[in-house]
Amino acid sequence: MAAMLQSVRVSSASFHLPDPSKVPVSSVCALPVIRSGEAQVWIRFMKLGGLERSLPKRLRHRLKILPQQLQSQAVVWLLLEILSEMPHELLLFEALREGLEEEMDRDPRVCVMGEDVGHYGGSYKVTKGLAEKFGDLRVLDTPIAENSFTGMAVGAAMTGLRPIVEGMNMGFLLLAFNQISDNCGMLHYTSGGQFTIPTVIRGPGGVGRQLGAEHSQRLESYFQSIPGIQMVACSTPYNAKGLMKAAIRSENPVVLFEHVLLYNLKERIPDEEYVLSLEEAEMVRPGEHVTILTYSRMRYHVMQAAKTLVNKGYDPEVIDIRSLKPFDLYTIGNSVKKTHRVLIVEECMRTGGIGASLTAAINENFHDYLDAPIVCLSSQDVPTPYAGTLEEWTVVQPAQIVAAVEQLCQ
Amino acid sequence: MAQIIHRSTNLLKTVSAMRTHPPASTTPITVETSLPFTGHNIEPPSRSVETTPQELLSFFRDMVLMRRMEIAADSLYKAKLIRGFCHLYDGQEAVAVGMEAAITKKDCIITAYRDHCIFLGRGGTLMDAFAELMGRKDGCSKGKGGSMHFYKKESGFYGGHGIVGAQVPLGCGLAFAQKYSKDENVTFSMYGDGAANQGQLFEALNMAALWDLPAIFVCENNHYGMGTAEWRAAKSPAYYKRGDYVPGLKVDGMDAFAVKQACKFAKEHALKNGPIVSRTLHVRPWSTYRTRDEISGVRQERDPIERIRKLILSHDLATEKELKDTEKEMRKEVDEVTAKAKESPLPDPSELFTNVYVKGFGVEAFGADRKELRAVLP
């Protein structure tokens with residue numbers, strides 16, 4: 001039986017569950033055709049083998065209540081879902097969903113609101129299946145009114161609920177800037193501590209694949225001066241789930257920046273529950289020669305450049321800062337004290353971006369430890385063009401990173 | 001009631017003994033509102049309002065207190081003890097008092113920056129208010145909010161907001177939370193006629209109607225939005241009709257009983273059928289953008305305190321002198337508290353960094369360098 005499962009599992013690894021209501025079973029590619037009779041047999045085997053213990057709660061529950069006369073398609077889908085869940089390799093948007101679901105199970109005050117989050121399942125599938133499980137009020141489909149539903153989330157948070165606002169694209173949250181800045185960020189202060197606003201504002205941002213200027217915005221630079229909010233950026237499935245859970249549990253308003261191009265990253269994450277710290281940076285690759293600070297998608301460009309650099313004999317230390325407000329200057333400082341050279345690689349705009357603030361912070365605190373001026377590679381100060389080549393040159397590319405490190409280490 | 005009687009002179013005691021005994025404080029009295037209600041997509045409530053002598057006298061007392069507080073705030077502002085913005089509510093006390101009479105402390109109220117009297121109505125003390133206005137640490141927001149940021153969480157008063165119209169979606173959120181926790185309470189989102197032209201208002205109306213939230217949108221119309229007259233800013237001044245599919249009610253905001261009746265009616269409607277818009281009409285006489293004739297005319301005809309005074313006198317609940325004594329008593333109270341607030345201490349410099357963040361799950365507010373704590377969190 002294990003061998004049977006293994007063979008199916010190998011092919012299910014590259015398989016995404018399409019919407020069951022739309023796709024007939026036989027068109028599921030890369031899998032042997034599973035007939036419902038077989039599926040039922042496998043499920044019975046699983047129960048006998050005690051395999052259900054390692055499944056997540058919701059699948060265990062469904063396994064338990066699966067009646068024998070169930071429609072064939074449902075049985076097969078259940079089996080496929082089970083198989084794709086073990087042993088816990090998943091995509092970034094699934095990791096976000098898992099974190100979200102666990103927190104919603106844990107605390108009945110957690111609710112989600114945003115455009116297309118409910119019945120559509122989320123524009124990037126982060127909330128898929130949650131509306132069916134938790135109901136329409138807890139996973140609320142809002143009209144296209146960012147200002148108001150963000151305000152609504154803040155009002156609900158004032159009474160004790162823990163809403164999560166999803167911006168379909170971070171750029172749309174500019175319409176809610178007043179609510180985020182004045183009400184979300186400042187109410188705790190202006191009420192003298194009477195109200196806490198435990199909201200999470202999340203959504204994908206960043207430069208995608210030719211999405212155009214208005215849909216490729218990086219809002220971290222605009223939000224960073226708002227007092228009272230915290231900002232984090234996730235980059236891997238592991239830290240996405242951990243940061244999502246930490247953000248929901250935090251009493252402060254947290255803005256969680258995701259990236260449009262990172263949703264399909266795959267990684268194996270722990271089965272047991274974990275929560276990450278919102279103010280800590282992640283050491284991606286320890287090194288000796290230069291500290292490269294980065295976050296979100298640029299982490300992958302940096303790692304690609306790091307391969308080239310290692311071949312050329314350099315030893316870069318790569319840190320994913322994760323926490324954009326406040327900066328984890330402790331980890332960063334220790335690294336600066338070791339390498340004495342800093343390169344910041346970010347996707348933000350050059351003017352007034354996260355890199356600019358980080359440069360100022362490092363200069364202020366660790367000036368004596370620097371052997372060379374801090375180099376900051378950011379996106380160009382232009383609206384993101386539609387043409388593919390131009391868009392490529394708007395953001396920092398690995399070749400530029402390699403060149404910058406070579407320059408810095410001379 | 002007993003206090004007022006004790007304050008009378010001997011002569012008056014004799015006079016009152018000769019008069020027929022005044023009605024007991026809980027005997028119901030029926031009062032007619034000054035103007036009929038106008039409904040939009042809804043049957044308006046009746047003009048007859050039930051009240052008791054106790055309520056009438058408490059209305060008078062509360063409104064006089066609010067009026068005196070606002071006048072004192074005005075003189076403090078002119079003396080530069082209150083800086084920045086100070087938006088006064090004198091002339092509109094009927095709304096604060098009438099609304100409180102119709103609802104409980106579990107219902108939520110959220111309003112814009114003209115919040116001093118609503119704060120008092122919700123149970124805030126004079127000391128909290130004056131200390132906050134003068135930026136002292138005994139203020140309701142520890143001196144860090146100011147005139148536009150009064151809040152009282154325990155009694156469901158959610159402020160106190162400076163940006164015109166931004167509080168309306170928040171009110172929608174409060175109603176959402178009430179629906180979420182199924183606790184049979186309502187939210188009153190108050191805003192002015194200036195804010196009625198904000199887009200977020202219509203967005204909030206749409207959402208409240210879509211999800212049947214127990215939200216009541218109250219537009220306090222004083223015909224001026226910031227400094228600009230209504231006819232210059234709004235194409236349709238019938239704010240109670242602006243809800244379109246949401247029923248509306250036009251209320252005379254200078255009559256405390258009209259407001260009380262409207263709020264009671266609105267609360268019942270919101271709990272059963274969803275949101276409702278109510279527009280209370282006021283004229284705020286004491287403002288710099290009106291002519292002198294406008295001001296004196298309004299004072300005579302439409303002052304809410306005068307109306308209650310006439311009602312009390314016509315029902316023989318107290319004498320002219322007793323009412324004047326109440327006014328003097330309120331004035332004295334306000335003066336005492338103002339003096340006390342003037343002496344109260346300013347906030348400590350370390351308060352600059354408190355309450356920016358909450359010490360929650362794994363959070364401490366550090367400065368740029370994590371080694372050095374810049375703020376000691378509560």
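Okay, quick word on terms: helices (H or I, at least four residues) and strands (E, at least two) are DSSP runs, numbered from the N terminus. What you see is a predicted model, where local features need pLDDT of at least 70 and side-chain atom pairs count only at pLDDT 80 or more, while totals for chains, interfaces and linings use all residues. Residues are numbered from 1 along each chain as its sequence is written, chains are lettered from A and ligands numbered from 1 in the order in which they are written, and side-chain values use heavy atoms, with hydrogens and water left out.

Let's start with one residue. A:Asn169 sits in the loop between strand E4 (162-166) and helix H8 (177-190) of chain A. Buried or exposed? A:Asn169 counts as buried, because its relative accessibility is 5%; the cut-offs are under 20% for buried, over 50% for exposed, and partly exposed in between, with a 1.4 Å probe and protein chains only.

Who does A:Asn169 touch? Leaving aside neighbours within four places in sequence, A:Asn169 is in contact with A:Pro204 and A:His215, contact being heavy atoms within 4.5 Å. A polar atom of the A:Asn169 side chain lies 3.3 Å from the backbone oxygen of A:His215.

Now, the two chains. Chain A puts 57 residues into the contact, and chain B puts in 46 residues. Together they bury about 4,300 Å², with 64% of that on carbon and sulfur atoms; buried area is the accessible area (1.4 Å probe) that two parts lose on being put together, summed over both.

Methods: A polar contact is a pair of N or O atoms within 3.5 Å; within protein, one must be able to donate a hydrogen and the other to accept it, and residues adjacent in sequence count only if both atoms are side-chain atoms.
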